[in-house]
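This report examines a protein model, shown below. Please have the sequence and the structure at hand while reading.

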2 protein chains.
Amino acid sequence: MGVNMRSSSIRFGIAGSGVYLPKRVVPSTELDVLTGGAPGTVQSRFRIDKRHWANDEETSSFMAASAAQAALDEAGWAADSVDVIIAGCGVMEQPIPGTAPLVQRRLGIGDSGIPAFDINATCLSFLMAFDRVMAGFALGEWTRALIVSADVASAALDFGDLESSVIFGDGAAAFALSADGPHERIAHRFRTFGDSSDVCRLEAGGTRLRPHDNLDEFLARSKFQMDGPGVFRATAKRFPAFLDALLEQADINGSDISTIIPHQASATALEHLKRAVPDGHTKTVDIFAHIGNQIATSLPHAWHVARQQQRIKAGEHGLLIGTSAGVSLGGAVIRW
Amino acid sequence: MGVNMRSSSIRFGIAGSGVYLPKRVVPSTELDVLTGGAPGTVQSRFRIDKRHWANDEETSSFMAASAAQAALDEAGWAADSVDVIIAGCGVMEQPIPGTAPLVQRRLGIGDSGIPAFDINATCLSFLMAFDRVMAGFALGEWTRALIVSADVASAALDFGDLESSVIFGDGAAAFALSADGPHERIAHRFRTFGDSSDVCRLEAGGTRLRPHDNLDEFLARSKFQMDGPGVFRATAKRFPAFLDALLEQADINGSDISTIIPHQASATALEHLKRAVPDGHTKTVDIFAHIGNQIATSLPHAWHVARQQQRIKAGEHGLLIGTSAGVSLGGAVIRW
């Protein structure tokens with residue numbers, strides 16, 4: 001083909017978006033009791049008031065389908081009118097099949113044939129799915145895409161390590177995107193540093209550790225482990241250059257960004273981000289204190305909130321940005 | 001952008017490919033003993049002589065990195081010269097992070113920043129990753145891509161059900177692809193039917209079933225389950241129309257296909273495929289008897305063998321095709 005569109009922008013529209021939050025609200029005081037801390041410890045140390053945790057019925061596909069239906073309702077689209085369904089989750093509901101086919105079934109379109117598959121980049125799965133949808137739009141492969149993110153972080157938390165546990169919440173978010181629309185994705189950047197793949201990990205659940213071979217080992221590794229200082233070292237030192245390169249790709253300055261829609265990694269990570277962009281404190285969509293870190297769901301949830309708060313203003317620039325296990329740094333610049 | 005390239009072909013080259021097979025060969029006679037059948041039962045019933053099973057060191061990322069290095073060596077590419085690494089596996093090595101960052105690290109380029117993420121469509125993960133690489137090539141986003149597939153099916157087999165266990169083997173395959181080259185991907189088709197998501201499933205390992213909440217339930221669901229007749233019903237009835245539509249997209253007839261490179265689902269599935277295309281028996285790359293069903297690795301493994309057997313001939317047409325849990329049907333037509 002030979003058409004080089006590397007620097008080209010890609011147009012899209014947001015026809016609808018939706019979120020699902022589990023019914024059960026878990027205040028930080030409840031986690032103080034669970035973790036044996038003095039009342040107020042979790043709130044003061046991690047600057048989080050509450051998060052939502054899923055019950056047994058609120059599986060990833062259940063929550064994702066609910067968020068997707070809300071997005072489709074806003075769009076006024078029949079579920080079977082979309083060209084593709086991509087699930088961009090942190091951890092799948094079950095290993096086989098992926099979450100996307102399960103969501104397709106729950107939407108009542110399980111006989112539709114609509115392509116459904118998963119993209120995984122841990123906390124940046126939605127961003128990567130969005131990027132691949134943009135490619136599909138640019139090539140005319142798809143005109144309507146449904147991206148869902150859903151995570152049940154509470155399924156694998158080790159409360160013996162406060163930092164790796166109390167900041168996480170469950171939930172889902174979905175976007176119904178169209179190939180025609182007022183917005184332009186003008187830059188995308190994604191960088192992975194596998195040397196740091198151990199700083200955020202959940203080891204049990206794939207093919208390497210097997211409950212039938214060594215149950216004790218399996219159970220010991222079946223909780224999420226995070227080396228906070230390691231994450232900081234792996235991402236913070238690289239973040240300024242990453243952001244500069246992304247803005248350069250977009251041919252704008254940090255001051256040109258009006259809305260920052262980040263992954264909600266932690267209060268500390270959000271604080272660093274706010275300081276990295278001029279007027280970052282007012283520009284950043286920060287839902288961490290009430291929602292926590294929802295893994296891959298955080299970024300689209302924040303984007304949904306930005307829409308609700310009418311922070312998507314024609315002609316202005318938005319920044320989608322975050323870090324993930326891998327570790328990866330990812331971002332996109334959008335001209336609304 | 002507005003450029004509609006739906007019917008356009010996308011050029012690419014195969015710079016290199018590689019496979020990794022675990023050291024341990026498991027003859028079907030060994031599985032006769034394991035499953036309590038008379039000698040020759042597994043071979044005669046499933047038409048499989050042997051398969052390879054991974055040992056503890058032969059993890060998905062280990063095998064994938066080995067296959068990837070072979071592909072890079074053939075290409076003459078430094079590992080850090082690729083623009084993207086996509087892992088298209090059936091089941092991940094571990095839930096967090098994905099397999100692609102682990103492979104990046106094993107290739108010695110864990111500090112490179114090269115984007116690494118996973119695409120999951122169970123047995124068709126490689127095909128879907130290939131499709132998204134084609135989009136990246138067409139848009140000029142990437143000029144060199146590395147796709148790896150690796151699966152350790154033997155990690156989760158229930159030998160109480162012969163059909164769901166004895167046909168599976170482990171291994172990895174990798175392709176180093178370039179945006180310029182002699183080949184053209186002239187059609188891609190992918191259809192998902194989530195109503196049949198229960199006919200092939202591995203339920204334990206994601207966020208829905210939790211070993212700490214209900215260990216008995218977790219262990220009971222931690223083996224792959226396949227409803228063979230259900231799979232057949234869900235895929236076989238749809239296959240003829242699917243193939244017709246794919247060939248129509250490519251604007252060719254079945255007789256124009258010279259090489260069929262299929263997922264190696266089972267001897268029965270391969271036999272049905274061979275009958276669906278004129279001279280299918282001579283055109284089909286069939287490695288099932290010695291390799292078995294390697295989940296997502298089967299299709300790129302067969303493609304690698306097709307290259308070794310010099311069945312990739314300029315100007316002729318190749319068909320990549322298969323079915324997967326989901327269920328999905330997927331295929332691509334390539335003009336070599």
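Which residues does B:His301 touch, not counting residues up to four places away in sequence?

## The surroundings of B:His301

The model discussed here is predicted. In it, B:His301 belongs to helix α12 of chain B, a helix that covers residues 298–308. Beyond its neighbours in sequence, B:His301 touches B:Val19, B:Leu21, B:Ala173, B:Ile287, B:Ile291 and B:Gln294.

Is B:His301 buried or exposed? Its relative accessible area is 4%. Because the cut-off for a buried residue is under 20%, B:His301 counts as buried.

Strand β7 of chain A spans residues 171–192. Of its 22 residues, 16 are buried, and the strand is therefore largely enclosed by the rest of the structure.

Several strands of chain A pair with β7(A). Strand β1 (residues 10–20) runs antiparallel to β7(A), with 10 bridges between them; here A:Tyr20 faces A:Ala172 of β7(A). Strand β6 (residues 144–151) is likewise antiparallel to β7(A) and is joined to it by eight bridges, with A:Ile147 opposite A:Phe175. Strand β12 (residues 328–335) also pairs with β7(A) in the antiparallel sense, through eight bridges. In that pairing, A:Glu184 stands opposite A:Arg335 of β12(A).

## The interface between the chains

How many residues of chain B are in contact with chain A? There are 81 such residues in chain B, and they meet 81 residues of chain A. Together the two chains bury about 7,100 Å², of which 56% is on carbon and sulfur atoms.

The interface also contains 39 residue pairs in polar contact, both residues being at pLDDT 80 or more. On the side of chain B that touches chain A, the elements that each supply at least two residues include β1 (10–20), β5 (116–120) and β7 (171–192). The element that gives the most to this side is α5(B), with six residues. Sorted by class, this side of chain B has 35 nonpolar, 27 polar and 19 charged residues.

Eight salt bridges are found across the interface of chain B and chain A. In a salt bridge between A:Glu141 and B:Arg132, the side chains meet at 2.7 Å, N to O.

Strand β5 of chain A (residues 116–120) pairs with β5(B) in the antiparallel sense, over three bridges. Within this pairing, A:Asn120 has B:Asp118 as its bridge partner.

Note on methods:
Residues are numbered from 1 along each chain as its sequence is written. Chains are lettered from A and ligands numbered from 1 in the order in which they are written. This is a predicted model: local features need pLDDT of at least 70, side-chain atom pairs count only at pLDDT 80 or more; totals for chains, interfaces and linings use all residues. Side-chain values use heavy atoms; hydrogens and water are left out. Contact means heavy atoms within 4.5 Å. Buried area is the accessible area (1.4 Å probe) that two parts lose on being put together, summed over both. A salt bridge is a side-chain nitrogen of Lys or Arg within 4 Å of a carboxyl oxygen of Asp or Glu. A polar contact is a pair of N or O atoms within 3.5 Å; within protein, one must be able to donate a hydrogen and the other to accept it, and residues adjacent in sequence count only if both atoms are side-chain atoms. Helices (H or I, at least four residues) and strands (E, at least two) are DSSP runs, numbered from the N terminus. Ala, Val, Leu, Ile, Met, Phe, Trp, Tyr, Cys and Pro count as nonpolar, Asp, Glu, Lys and Arg as charged, and the others, Gly among them, as polar. Two strands pair if DSSP finds at least two bridges between them. Buried means under 20% relative accessible area, exposed over 50%, partly exposed in between (1.4 Å probe, protein chains only).
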